[in-house]
Amino acid sequence: MSALDDHRSPWMNEELDSLRELAHEFFAREAAPHQERWIQQKHVDREFWNKAGEAGLLCLSIPEEYGGGGGHYGHEAVVIEEQARIFDTCWGNTIHSAITAPYIVHYGTEEQKKKFLPKAATGETVFAIAMTEPGAGSDLQGIKTTARLDGDEYVINGSKTFITNGAQADVILTVVRTGDEGSGAKGISLMLVEADREGFSRGRVLDKLGLRGQDTAELFYDNVRVPKENLLGGEEGQGFYQLMQQLGQERLGIAVGCMGAIEASLRETIAYTKERTAFGRSIFDFQNTKFELAECVAEAMAVRTLVDLCISELIAGTLDPARASMAKLIASDKQAVIIDRCLQLHGGYGFMNEYPIARAYADARVQRIYGGTNEIMKELIARSL
């Protein structure tokens, strides 16, 4: 589809072209054949993480001295896009490589970087980040999970929910309250919690509308003791600042995934309408189909332009939180609208889960919720006006 596939993002270069080819071949070989099984079991195979590490697809933006790829956010974006290209939402690498690992790079002590990052780059360790609680979502100041210093250890009590990679994660970067309940943002810290700690347990893998192959789980902390060296950065009360600085990258990651899903859905729909016939001609040959697809492709290109701008700015270190919120807002809204129109052009087959467009439709819905709801995105954008 030349209108989309002939476009080369301005942040791309020859190195990233080679990475795209590598990622494309890896997903076609190691992920696509297993998606149905992963959806049934609600998680990817654990060894898939190791295979991705062996292929050099994990922690691409992490410095080489800590085992990473030594690249920048563009490297992560290529992998996110190629995963979306095969309609895969099972593998939680965005959380692992592009969200959790950068917290450790930017704010971790030298000891924390050396301890946790190299194994994450090989796939030996899987990362998750635990923010949301049963009673606190977008309002991170409302979290109840506590971490109290007792000698040389912190004692953690509380629970988290909707945690991507929750069932497989070996290390969970957990948002905790180290200050008293009235301390607000100043009482928030981030704690690195190993899953083999006594008192840590996982609840069920949640039964979701979409993202059914992803191990989204509940987590429980019952007097979990971790050494004080596991406090990210080594200083209490820095968690809210750390979160606010990194949430822009998380939201851009969502936008990149949205963009990949939009383009994959359009490719699939154009191919389907050209093959499927009705009344003696292809579905594509009807004017309504052409006009629908033309409008969708035009809107997709507009979203792509915004997402590309944000990726370029993040690589350059100039991306501001409001613009990242714009990308998340627009990309996730348009993903829902465009995929809905693509499904309609599939007719009854679009309602069948055996067709990728049906799963893409269900998977799209949560994009407007997690990473901060789109209503919160509007609030953040408004504050910059």
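Reply: Let's start with Asp152 and Lys228, whose side chains meet in a salt bridge, 3.6 Å from N to O. The term means a side-chain nitrogen of Lys or Arg within 4 Å of a carboxyl oxygen of Asp or Glu. Asp152 lies in the loop between β2 (146-150) and β3 (153-163), and Lys228 in the loop between β7 (217-227) and α8 (239-275), so the pair ties together parts that are 76 residues apart in sequence. Those labels are DSSP runs numbered from the N terminus: helices are H or I with at least four residues, strands are E with at least two.

A word on the source: this is a predicted model, where local features need pLDDT of at least 70 and side-chain atom pairs count only at pLDDT 80 or more, while totals for chains, interfaces and linings use all residues. Residues are numbered from 1 along each chain as its sequence is written, and side-chain values use heavy atoms, with hydrogens and water left out.

Back to the pair: Asp152 counts as exposed at 54% relative accessibility, whereas Lys228, at 38%, counts as partly exposed. Here buried is under 20% relative accessible area, exposed is over 50%, and partly exposed is in between (1.4 Å probe, protein chains only).

Now for Arg225 and Glu153, whose side chains also meet in a salt bridge, 2.9 Å from N to O. This pair links distant parts of the chain, with Arg225 in strand β7 and Glu153 in strand β3, 72 residues apart. Arg225 is partly exposed at 35%, and Glu153 is partly exposed at 29%.
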